[in-house]
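Reader: I have a model open and would like to go through it with you residue by residue. Could we begin with the loops and then move to the ligand?

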Amino acid sequence: MSRLDSFIRRLEAQRACLNRAAELIEGLDGVVLELGLGNGRTYDHLRELFPDRDIYVCERQVAAHPDCIPPPDRLLLGDMFETLPAAQSRLGGEVALAHFDAGTGDAAANRKLAAGLRPLILPLLCPGGILATQQAMNGPDLIAMPLPQGVAEGRYHLYQRT
Ligand SMILES: C[S@@+](CC[C@H](N)C(=O)[O-])C[C@H]1O[C@@H](n2cnc3c(N)ncnc32)[C@H](O)[C@@H]1O
């Protein structure tokens, strides 16, 4: 598969999983947490999916499209290894959907980042909350959910907090 095909399929999988996550948290109270603003593409999609929910965003350094910059009181600015523990008092158990998309093209570094952040993300999720992530985050307290039709196994991941 060409790198272009692979890129397109990744984005299609990402969109399908976010759309599925929206269905899964229907009826579940809680905020949405975007982990990695980047240029704001998925944040913008989350805004469309969740017009009535507060959306918090973690980002080390904001460089998003000007239309896709979260309001200051919803932005957790800085390294997630510092901002997520600091957010526990405000957001602990309050997140209905977390979307983790903070990786780069370096697969080993991505695995290390996901493993390091997993224990910081988990306590933010409410029971039944969903974690959508490009990196696998298998382990205790997260149940892997079926992927939407057409999304290849391993291309994206959906988990539900027990
Ligand atoms: C792949 S981009 C996100 C793309 C975004 N979801 C989109 O659709 O435009 C990853 C982002 O995560 C941020 N990031 C990576 N590691 C981080 C960390 N430890 N703390 C805060 N932000 C981080 C990077 O600065 C980068 O902007």
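This is a predicted model: local features need pLDDT of at least 70, side-chain atom pairs count only at pLDDT 80 or more; totals for chains, interfaces and linings use all residues.

Reader: Where does Asp141 lie in the chain?

Author: Asp141 belongs to the loop that joins β5 (125–133) and β6 (142–144).

Reader: And what is its phi?

Author: Phi of Asp141 is near 75°, a positive value in a residue other than glycine. Most residues other than glycine have a negative phi.

Reader: Let us turn to the ligand. How many residues surround it, and which are the closest?

Author: The ligand is surrounded by 16 residues, and the closest are Asn39, Thr42, Glu59, Met80 and Asp101.

Reader: How do the residues of that shell divide into nonpolar, polar and charged?

Author: Three are nonpolar, seven are polar and six are charged.

Reader: What does the backbone of Gly36 contribute?

Author: In Gly36, a backbone N or O atom lies 3.3 Å from a nitrogen atom of the ligand.

Reader: How much of the ligand's accessible area does the protein cover?

Author: On its own the ligand has 600 Å² of accessible area, and the protein covers 83% of that.

Reader: Which pocket does the ligand take up?

Author: The ligand takes the space of the second largest pocket.

Reader: Now a strand, please. Is His157 buried or exposed?

Author: His157 counts as buried because its relative accessibility is 16%, and the cut-off for buried is under 20%. This residue is in strand β7, which covers residues 157–161.

Reader: What does the side chain of His157 reach?

Author: The His157 side chain reaches the backbone nitrogen of Ala136, at 3.5 Å.

Reader: Where is Gln160, and how accessible is it?

Author: Gln160 is also placed in strand β7. Its relative accessibility is 23%, so Gln160 counts as partly exposed.

Reader: How far is Gln160 from Phe100?

Author: Their C-alpha atoms are separated by 14 Å, while the two residues are 60 residues apart along the chain.

Reader: On to the helices. Where does Ile121 lie, and is it buried or exposed?

Author: Ile121 lies in helix α4, residues 107–121. With a relative accessible area of 1%, Ile121 is buried.

Reader: What separates Ile121 from Gln88?

Author: Along the chain they are 33 residues apart, and 9.3 Å separates their C-alpha atoms.

Reader: Finally, what can you tell me about Thr83?

Author: Thr83 lies in helix α3, residues 80–91. Thr83 is buried, because its relative accessible area is 12%. From C-alpha to C-alpha, Thr83 and Ala96 are 18 Å apart in space, and they are 13 residues apart in sequence.

Terms used
Residues are numbered from 1 along each chain as its sequence is written. Side-chain values use heavy atoms; hydrogens and water are left out. A residue is near a molecule or strand if one of its heavy atoms lies within 4 Å of it. A polar contact is a pair of N or O atoms within 3.5 Å; within protein, one must be able to donate a hydrogen and the other to accept it, and residues adjacent in sequence count only if both atoms are side-chain atoms. Accessible areas come from the Shrake-Rupley method with a 1.4 Å probe; for residues, only the protein chains shown count as cover. On a 1 Å grid over the protein atoms alone, a cavity is a set of points where a 1.4 Å probe fits but cannot get out, and a pocket is an open set with protein on both sides within 12 Å along at least five of seven lines; lining residues have an atom within 4 Å of a point. A molecule sits in a cavity or pocket if more than half of its atoms lie within 2 Å of its grid points. Ala, Val, Leu, Ile, Met, Phe, Trp, Tyr, Cys and Pro count as nonpolar, Asp, Glu, Lys and Arg as charged, and the others, Gly among them, as polar. Helices (H or I, at least four residues) and strands (E, at least two) are DSSP runs, numbered from the N terminus. Buried means under 20% relative accessible area, exposed over 50%, partly exposed in between (1.4 Å probe, protein chains only).
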